[in-house]
Amino acid sequence: MKRSVIDIVDLSAQELEELVATAEDIIANPDKYAHACDRKKLATLFFEPSTRTRMSFEAAMYELGGHVISVSSAMSSSAAKGESVADTAKTVSCYADIIAMRHPKEGAAYVAATNASVPVINAGDGGHCHPTQTLADLLTIWREKRRFDGLTIGLCGDLKFGRTVHSLINAMSRYPGNRFVLISPEELKVPSYVKRDVLKQHNVPYVQTTDLESAMPELDILYMTRVQRERFFNEEDYLRLKDSYILTPDKLKNAKQDLAILHPLPRVNEISVAIDDDPRACYFKQVLNGKFMRMALILKLLKEAGTL
Ligand code: CP
């Protein structure tokens, strides 16, 4: 049966763990998967800029033996002539076995999924969801910690518009013993609906603070995020908030030796390049992990659709 992934909650905890296990198997045995998607086509429809998500989806399909067809900007497709997301999805379903789509509007991936006749993977819809980034985050957490429970997770930066943050809170709230330290400027706090519908709903402990350094000693994971210029209505507010948190070696003085520092990237200024050689910096491993998890997800959805 055709199934799409729009939000991380579309995947159960068991499915997340199965995807992690498949990704680990792909890492250990790449040859076993080299022809898994022979003659199958992935369409990447990116109506908003991307480096990692688009390229990792495309690399993932090539490494599975499949092909990729692509729209890399709204201006290079008939969206520029006013074609709807629904019609685009119906059209692309005629050419591809599976679609990965990024769009600036919240809900666009859902509209695509309800109109496409092939599985749709949300590669980011506005400030809403970015489930495959969460898959990359989960594999990184798993590879660093070998567990998903009993972790103190610091989320730092733009927690209001950060779709990766909302998806990660959703995923990690399902595991016992986790707690969140939500570090942001007042204006960029986690939205009330995430606190109400996810954290409070699952009785997950959390604290909110503006102070990264005082939170540092207790963290097992520090998830830094960029203040996203493209989500602000007002340039003045962006300029005032953009450098709220800059992680430097000095700020790690009191951090745990086995802290894992994650960032969905791109970074602008929020992690000093001096941290890149610190063994606790995991953000480029996270980039690579994203490709393996996207391979695992493509395989799963094509198998469930009866295409493989
Ligand atoms: N993390 C992420 O979504 O990066 P891109 O915007 O480069 O795809």
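Which residues in helix 7 are buried?

**Before you start**

This is a predicted model, in which local features need pLDDT of at least 70 and side-chain atom pairs count only at pLDDT 80 or more, while totals for chains, interfaces and linings use all residues. Residues are numbered from 1 along each chain as its sequence is written, and side-chain values use heavy atoms, with hydrogens and water left out.

**Stop 1: the whole chain**

Show the chain as a cartoon. Its secondary structure comes to eleven helices and nine strands; helices (H or I, at least four residues) and strands (E, at least two) are DSSP runs, numbered from the N terminus. Along the principal axes, the C-alpha atoms fill a box of roughly 55 × 45 × 40 Å. A compact globule of 308 residues would have a radius of gyration near 19 Å, and the chain agrees, with 19 Å. That radius is taken over C-alpha atoms, and the globule rule is 2.2 Å times the number of residues to the power 0.38.

Of the 308 residues, 55% are buried. Here buried means under 20% relative accessible area, exposed means over 50%, and partly exposed lies in between (1.4 Å probe, protein chains only).

**Stop 2: two domains**

Colour residues 8-129 + 290-304 as domain 1 and 131-286 as domain 2. These bounds come from an automatic or database domain assignment. The domain centres, taken over C-alpha atoms, are 25 Å apart. Where the two meet, 30 residues of domain 1 are in contact with 25 residues of domain 2, contact meaning heavy atoms within 4.5 Å. Within the chain, 73% of the contacts between residues at least 6 apart in sequence join residues at least 24 apart.

**Stop 3: helix 7**

Select residues 163-172, which form helix 7. Here is the reply to the opening question: the buried residues are Arg-163, Thr-164, Val-165, His-166, Ser-167, Leu-168, Ile-169, Asn-170, Ala-171 and Met-172. That is ten of the ten residues, so helix 7 is largely enclosed by the rest of the structure.

**Stop 4: Ala-109**

Move to helix 5 (residues 108-115) and pick Ala-109. Ala-109 is buried, at 0% relative accessibility. Show its surroundings: leaving aside neighbours within four places in sequence, Ala-109 is in contact with Ile-6, Met-101, Val-120, Asn-122 and Asp-125.

**Stop 5**

Next, find Lys-189 in the loop between strand 6 (179-183) and helix 8. Is Lys-189 buried or partly exposed? At 28% relative accessibility, Lys-189 counts as partly exposed. Beyond its neighbours within four places in sequence, Lys-189 is in contact with Leu-159, Lys-160, Ser-184, Lys-195 and Gln-208.

Follow that list to Gln-208, in strand 7. Gln-208 is partly exposed too, with a relative accessible area of 35%. With neighbours within four places in sequence left out, Gln-208 is in contact with Leu-182, Lys-189 and Lys-195.

**Stop 6**

Most residues other than glycine have a negative phi, and most peptide bonds are trans. With that in mind, select Asn-203, in the loop between helix 8 (192-200) and strand 7 (206-209). Although not a glycine, Asn-203 has a positive phi of about 55°. Asn-203 is exposed, with a relative accessible area of 68%.

Finish at Leu-265, in the loop between strand 9 and helix 11. Phi of Leu-265 is also positive, near 60°, but Leu-265 is buried, at 11% relative accessibility. Which bond joins Leu-265 and Pro-266? A cis peptide bond, with omega about 5°. Pro-266 lies in the loop between strand 9 (260-262) and helix 11 (283-304).
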